[in-house]
Structure formats: C-alpha cells, structure tokens
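Reader: I am new to this structure. Please show it to me, and let me ask about the words used to describe it.

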Amino acid sequence: MIPLAHMADQVLRTADARAKTALSRDFAAQWQAARDTGALPEIGTASPPDSPARPAAPALLDPRDVPRRKPGSPQGRIAILHAVAHIELNAVDLHWDLIARFSATPFPIGFFDDWVRAADEESKHFNLIADCLEAMGSHYGALAAHAGMWRAAEDTADDLMGRLAVVPMVLEARGLDVTPGMIRIFQNAGEDPAAKQAVAAMEVIYAEEVHHVAYGSKWFHFLCGRHDLDPTQAFHTLVRRYFHGPLKPPFNEEKRAEAGIPPDFYWPLAD
C-alpha cells in the first residue's frame with residue numbers, strides 16, 4: 001500500500017468526478033482494511049497541487065452569476081441537486097487535501113482515520129447525488145457551478161487550525177443548517193420516484209455530515225490544547241480572518257451541539 005499522503009495527492013490530481021470518487025473510495029478501503037488488522041500504515045508526505053484537478057464541466061462562475069431557479073419546479077430541484085453534488089465533490093478534495101497538506105504535522109493515527117472516513121463518505125455522497133441527477137434526466141456538469149468553493153482551502157493552505165475552523169466548523173456546519181429545508185423541498189414533490197430517491201440520499205448526507213463537523217471540532221480542540229489556546233476565542237479569531245462575511249442564521253443548534261459546536265462559537269459571528 002502506498003503512503004496515505006501519496007493516495008491523497010493522487011485523488012487531488014484526478015479530474016473526472018466519478019473516477020476521483022472511485023479512487024477515493026478504493027484508497028479509503030485500503031486504509032481501513034490495514035487499520036482493521038491493527039497496522040499503522042505509513043502516512044508519508046506529499047506536495048499537493050494548489051488546486052485539485054477538475055472535469056471540463058461544469059463551468060465555474062462567480063456566485064453572483066450562477067442562475068437562480070425556483071426550488072419547487074423540476075428544474076429548480078435539479079439545480080439544488082447539482083449544487084449539492086458540486087459541494088460534495090469539493091468536500092472530497094478538501095478532506096484529501098487536509099491529509100496531504102498537513103501530513104507532516106504530528107497527530108495520533110485517529111486524525112487520519114477520521115479524515116479518510118470523511119473523504120470516503122463525501123465520495124459516497126457525491127455518487128448518490130449524481131445518481132439522483134441522472135434519474136431526473138440530468139448529470140453533474142450540466143449546469144454552471146460556484147467558482148469559490150476552493151477559496152477556503154487556498155486561504156488556509158498554511159494554517160491547519162484555520163482550515164479546521166473554516167471548512168468543517170463553518171462550511172460543513174452550514175450544511176447541517178440548510179439540509180432539512182432541502183429535504184422538505186423534495187418531500188413536497190409528492191410521489192415522484194426521483195424526488196424520493198433524492199430525499200433518501202440527502203437523509204444519508206444529513207446523518208453523516210454531523211461526523212465531519214465533529215471531526216473538525218475534535219481536532220480543533222486538540223490543537224487548542226496543544227497550543228494552550230482558548231478554543232472559543234481562537235475560533236472567533238480564525239473565522240474572522242479567513243471566512244469572508246458573517247455567519248447566517250437560522251442555525252441548527254441541535255445538530256451543531258451534537259457535533260461539538262456550542263452556541264457561543266457561532267452566535268457572536270452571526271449577521
């Protein structure tokens with residue numbers, strides 16, 4: 001088995017979305033199989049690309065230029081799923097980039113276990129949503145997408161605590177806030193089989209995203225302890241430094257608490 005950082009680098013350099021997620025899941029399975037034997041596989045180091053390889057489509061636009069569609073219409077539901085697929089594919093790269101970029105940082109092996117699992121789950125999520133798009137007569141790449149998804153990675157390329165604060169603890173926590181509303185949109189589509197398929201997919205995502213936010217919180221607190229920092233104040237400082245704009249309520253306080261993020265982390269940063 002090649003070192004974990006090399007696995008991460010290979011995923012990041014794979015452009016096709018289905019190929020990227022297949023490679024991600026294969027590497028995650030190799031890692032988990034080795035860990036199940038009690039082995040401590042080599043982590044290694046890598047020099048990951050500044051930006052991951054991407055398919056030729058979708059076209060990436062400034063968020064202000066991405067067309068808006070009515071969410072209750074069939075085309076609106078396709079647009080929602082396309083946006084979710086784009087988020088999930090970026091999340092695959094974000095988690096592997098975390099492993100590759102910060103592999104030399106001394107951590108317990110559990111740090112790598114967590115982020116390999118997260119990358120594997122994000123790969124599954126992308127495929128679930130891509131399957132839903134195809135069931136609705138579309139596909140990933142058929143619509144334009146948000147060009148700014150990688151900005152958080154670029155901004156925190158040299159700051160692991162900043163990466164943990166902004167990606168899992170802000171961006172993925174936001175997913176916990178908005179996913180229930182998206183599920184309701186598809187539930188309101190009635191007996192449409194494709195809508196039911198989308199509800200089932202998003203319910204899986206909603207349950208598993210809590211883990212990813214929790215991994216961010218766990219390892220953020222770990223590093224705060226290592227550096228003798230107050231976690232709440234450190235979080236506020238890093239989010240103000242790296243996240244562009246205020247946090248937007250309403251917040252899913254129950255799921256955020258389940259993931260280890262108390263209200264005094266995010267309410268002081270809210271609009």
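Reader: Why is glutamate 134 called partly exposed?

Author: This is a predicted model. In it, glutamate 134 has 46% relative accessibility. Buried means under 20% and exposed means over 50%. The value of 46% lies in between, so glutamate 134 counts as partly exposed.

Reader: Where is glutamate 134, and what is it in contact with?

Author: Glutamate 134 is in helix H4. Leaving aside neighbours within four places in sequence, it is in contact with Arg18 and His139. The C-alpha atoms of glutamate 134 and isoleucine 78 are separated by 9.6 Å. Along the chain these two are 56 residues apart.

Reader: What makes asparagine 90 buried?

Author: Its relative accessible area is 2%. The cut-off for buried is under 20%. Therefore asparagine 90 counts as buried. Asparagine 90 lies in helix H3, residues 74-101. Beyond four places in sequence, its contacts are Arg54, Met149 and Trp150.

Reader: Why does aspartate 228 count as exposed?

Author: Aspartate 228 has 72% relative accessibility. Exposed means over 50%, so the term applies to aspartate 228. Aspartate 228 is found in the loop between H7 and H8. Its phi is near 55 degrees, a positive value in a residue other than glycine. Most residues other than glycine have a negative phi.

Reader: Why is H6 called roughly antiparallel to H7?

Author: Helix H6 (residues 160-187) and helix H7 (residues 193-226) pack at an angle of about 160 degrees. Angles over 145 degrees count as roughly antiparallel. That makes H6 roughly antiparallel to H7. Their axes are 8 Å apart. The crossing of H6 and H7 is left-handed. By class, their contact has 23 nonpolar, five polar and three charged residues.

Reader: How do H2 and H4 cross?

Author: Helix H2 (residues 17-36) and helix H4 (residues 109-135) cross at roughly 145 degrees. Their axes come within 9 Å. H2 passes H4 in a left-handed crossing. The residues of this contact divide into nine nonpolar, four polar and eight charged.

Reader: What makes a set of residues a nonpolar core, and which members of the largest one touch the most others?

Author: The members must be buried, of nonpolar types, and joined through side-chain atoms within 4.5 Å. The largest core here has 56 residues. Leu4, Trp96, Trp115, Phe220 and Phe235 touch the most other members. H6 gives the largest share of this core, 10 residues. A second, separate core has 26 residues, including Ala17, Ala85, Ile129 and Val199.

Reader: What is tryptophan 96 in contact with?

Author: Setting aside neighbours within four places in sequence, tryptophan 96 is in contact with Leu4, Ala8, Val11, Leu12, Ser24, Phe27, Val116 and Ala119.

Reader: Which peptide bonds are cis, and where are their prolines?

Author: Proline 58 is found in the loop between H2 and strand S1 (60-61). Another cis bond runs from proline 249 to proline 250, with omega near 10 degrees. Proline 250 is found in the loop between helix H8 (231-242) and helix H9 (253-258). Most peptide bonds are trans.

How values were computed:
Residues are numbered from 1 along each chain as its sequence is written. This is a predicted model: local features need pLDDT of at least 70, side-chain atom pairs count only at pLDDT 80 or more; totals for chains, interfaces and linings use all residues. Side-chain values use heavy atoms; hydrogens and water are left out. Axes are lines fitted to C-alpha atoms, for helices over the stretch in contact, and angles run from 0 to 180 degrees between N-to-C directions. Helices (H or I, at least four residues) and strands (E, at least two) are DSSP runs, numbered from the N terminus. A crossing is left-handed if the near helix is turned anticlockwise from the far one by less than a right angle, and right-handed if clockwise. Ala, Val, Leu, Ile, Met, Phe, Trp, Tyr, Cys and Pro count as nonpolar, Asp, Glu, Lys and Arg as charged, and the others, Gly among them, as polar. Angles under 35 degrees count as roughly parallel, over 145 as roughly antiparallel, 65 to 115 as roughly perpendicular and the rest as oblique. Buried means under 20% relative accessible area, exposed over 50%, partly exposed in between (1.4 Å probe, protein chains only). Contact means heavy atoms within 4.5 Å.
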